[in-house]
Amino acid sequence: MPMMQCYGRPGTRPSGSVPMSSNRPAAVDVGAWYRRYGPAVYRRILRFYGRQEAEEVLQEVFLRVLRVVHSYRGDCSPVTWLYQVATRHCLNRLRDARRRRELLLEFGRPDWSREIDRTDPDARIFLSQLWRDLDEELAMIGVYYFVDGMSHGQIAEVLGVSRRTVGNRLARLRELAEQAAETT
Amino acid sequence: MEGEWLGRDGHLVDLMIDRLLCDDLTPDERTGVEAHLADCSGCRARLASARDVTMPWGELPVLEPLHRDARPPLPEPANRPWRWMLPLVVAAAVLFGFVGPWSISSNDAPGMRLKGTGLLLEVWRSGPPPSLVGPGDEVHPGDRVGFRVRAGADGYLLILGVDESGRAYPCHPSRPAEAVPHQASGAAMTVKAAIVMDALLGTEQIVAVQCAAPFHYTEVSSALEAAVESDQPLSSLLDGCVQDEVVLTKVGKRH
């Protein structure tokens with residue numbers, strides 16, 4: 001039973017995909033989304049930020065949603081799509097802040113989130129340094145894999161890419177992690 | 001793809017817990033997730049913990065606060081590659097008689113109103129080009145509007161709105177909070193706040209209130225809602241304070 005697909009990055013449409021007009025859902029009421037899905041987005045943000053900052057980030061994420069909601073085509077569930085928007089925003093925000101800190105570790109793990117497997121050396125490298133320098137797609141895949149513990153199939157379906165693509169990207173991630181480990 | 005809702009460690013990924021709590025799962029997914037939960041105390045505990053997380057301010061009080069941007073609506077980032085064109089654009093605007101809300105000049109534009117002697121509120125729709133929204137002017141869902149205020153004296157300023165349903169919502173500051181200090185000025189000053197109009201059509205009233213002493217959003221929002229509810233004029237929401245308002249009409253999408 002596949003999860004519904006979310007194609008590409010919010011705000012863009014993948015090449016070769018169905019034109020938006022053909023299957024686009026009715027206009028999204030972002031306010032209604034906020035009321036219904038806001039807590040889920042807030043929880044997602046708490047994976048990256050403490051509560052105080054998360055409030056501000058929540059507003060930012062929904063502002064972002066307002067700007068890109070036109071690209072939501074109903075190919076995936078709203079929560080899955082919002083999850084992507086929030087994840088991307090948090091990652092970029094952390095990178096913009098130029099904080100030389102380890103990703104996700106400053107505030108600890110929320111109770112409801114799965115535990116990160118820190119026995120994996122590649123995961124440690126990714127979390128401590130690699131994520132800052134990766135392109136957006138690789139960083140997202142790294143978060144979904146190392147932080148969220150998603151399977152190849154889940155990542156493929158959430159991002160709307162093939163499993164093979166995810167596998168290739170993860171192989172590249174591990175390669176980069178090994179290189180980074182050698183130079184440190 | 002049976003079991004795809006489980007992560008690599010054999011437990012629910014956070015996303016599935018969030019989707020379950022939001023009633024966002026397909027029937028098959030729900031069946032699978034619930035089957036896992038029945039057997040996994042760890043995931044049940046995570047679900048319970050996630051359920052306990054509430055929004056920072058409880059239920060969202062109104063729609064518009066979500067659509068708020070803390071940044072000024074129009075000034076562009078300094079690193080835009082076409083920044084060098086700005087002087088030319090400003091010169092062209094002056095040449096053609098358009099003076100935007102964010103320009104240096106504060107000349108009164110057509111439609112500007114001054115109600116009473118103490119406070120002037122202007123509502124501007126983001127461009128291009130930006131346009132002053134006068135009383136009764138139409139706005140549309142998705143329109144982004146900003147504010148400029150001219151105050152005759154120093155005080156504490158708060159801008160809020162009330163929509164067709166009669167619910168008040170904060171505009172400046174962006175959350176229900178204390179009014180912010182605001183200095184007197186000879187010219188209308190841009191307020192660093194903006195809202196994006198939601199989908200609820202009808203009358204939209206934007207009210208600026210300034211008092212000499214600090215006051216809280218709730219003081220004026222309740223007075224505003226009561227006035228709208230009873231169809232009373234909005235004048236003198238708070239004793240001893242000055243105010244100005246702009247009434248807009250929100251209609252469907254612009255064609």
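**Notebook: helices, cores and loops in chains A and B**

**Entry 1. A helix pair in chain A**

I began with α5(A) and α6(A), which are oblique to each other. I note at once that the model I am reading is predicted. I then looked up the geometry behind that word. Helix α5 of chain A covers residues 121–133 and helix α6 of chain A covers residues 136–147. They pack at an angle of about 140 degrees, and their axes are 10 Å apart. An angle has to be over 145 degrees to count as roughly antiparallel, and 65 to 115 degrees counts as roughly perpendicular. The pair is therefore placed among the oblique ones. I recorded these two values because two packed helices are described by the angle between their axes and the distance between the axes.

I also looked up the handedness: the crossing of α5(A) past α6(A) is left-handed.

Which residues of α5(A) and α6(A) meet? From α5(A), I listed Asp122(A), Ala123(A), Phe126(A), Leu127(A) and Trp131(A). Their partners in α6(A) are Ala139(A), Gly142(A), Val143(A), Phe146(A) and Val147(A).

**Entry 2. Chain A as a whole**

I counted eight helices and zero strands in chain A. Along the sequence the pattern is α-α-α-α-α-α-α-α. Chain A has 184 residues, and 56% of them are buried. I then looked up contacts between residues at least 6 apart in the sequence of chain A; 74% of these join residues at least 24 apart.

**Entry 3. The nonpolar cores**

I looked up the largest nonpolar core, which has 75 residues. The residues with the most contacts inside this core are Ile45(A), Val65(A), Trp81(A), Phe126(A), Leu130(A) and Leu173(A).

I followed up Ile45(A). Leaving aside neighbours within four places in sequence, Ile45(A) is in contact with Ala54(A), Val57(A), Leu58(A), Val61(A) and Cys90(A). Another core, of 21 residues, lies apart from the largest one, and its members include Val123(B), Val133(B), Ile195(B) and Ala208(B).

**Entry 4. Ala156(A)**

I found Ala156(A) in helix α7 of chain A, residues 152–159. Is Ala156(A) buried or exposed? The relative accessibility of Ala156(A) is 5%. The limit for buried is under 20%, so Ala156(A) counts as buried. Beyond the neighbours within four places in sequence, Ala156(A) is in contact with Val161(A), Ser162(A), Arg163(A) and Val166(A). I also noted that Ala156(A) and Ile141(A) are 15 residues apart in sequence, with their C-alpha atoms 9.1 Å apart.

**Entry 5. Chain B and one of its helix pairs**

Chain B has five helices and 11 strands. Of its 255 residues, 46% count as buried.

I examined α1(B) and helix α3 of chain B, residues 41–52: their axes come within 10 Å and cross at roughly 60 degrees. That makes α1(B) oblique to α3(B). The crossing of α1(B) past α3(B) is right-handed. On the α1(B) side, the contact is made by Asp14(B), Ile17(B), Leu20(B) and Leu21(B); on the α3(B) side, by Arg46(B), Leu47(B), Ala50(B) and Arg51(B). These residues divide into five nonpolar, no polar and three charged.

**Entry 6. Leu160(B)**

I located Leu160(B) in strand β6 of chain B, residues 155–162. Leu160(B) counts as buried because its relative accessibility is 0%. Which residues does Leu160(B) contact, leaving aside neighbours within four places in sequence? Among them are Ala168(B), Tyr169(B), Pro170(B), Cys171(B), Ile206(B), Val207(B) and Tyr217(B). Tyr217(B) is 57 residues from Leu160(B) along the chain, yet their C-alpha atoms are separated by 8.2 Å.

Most residues other than glycine have a negative phi, and most peptide bonds are trans. I therefore looked for departures from this general rule.

Asp23(B) is not a glycine, yet has a positive phi of about 55 degrees. I found Asp23(B) in the loop between α1 (14–21) and α2 (27–39) of chain B.

The peptide bond from His172(B) to Pro173(B) is cis, with omega near 0 degrees. Pro173(B) is placed in the loop between β7 (168–172) and β8 (180–182) of chain B.

Technical notes. Residues are numbered from 1 along each chain as its sequence is written. Chains are lettered from A and ligands numbered from 1 in the order in which they are written. This is a predicted model: local features need pLDDT of at least 70, side-chain atom pairs count only at pLDDT 80 or more; totals for chains, interfaces and linings use all residues. Side-chain values use heavy atoms; hydrogens and water are left out. A nonpolar core is a set of buried Ala, Val, Leu, Ile, Met, Phe, Trp, Tyr and Cys residues joined through side-chain atoms within 4.5 Å. Buried means under 20% relative accessible area, exposed over 50%, partly exposed in between (1.4 Å probe, protein chains only). Contact means heavy atoms within 4.5 Å. Axes are lines fitted to C-alpha atoms, for helices over the stretch in contact, and angles run from 0 to 180 degrees between N-to-C directions. Helices (H or I, at least four residues) and strands (E, at least two) are DSSP runs, numbered from the N terminus. Angles under 35 degrees count as roughly parallel, over 145 as roughly antiparallel, 65 to 115 as roughly perpendicular and the rest as oblique. A crossing is left-handed if the near helix is turned anticlockwise from the far one by less than a right angle, and right-handed if clockwise. Ala, Val, Leu, Ile, Met, Phe, Trp, Tyr, Cys and Pro count as nonpolar, Asp, Glu, Lys and Arg as charged, and the others, Gly among them, as polar.
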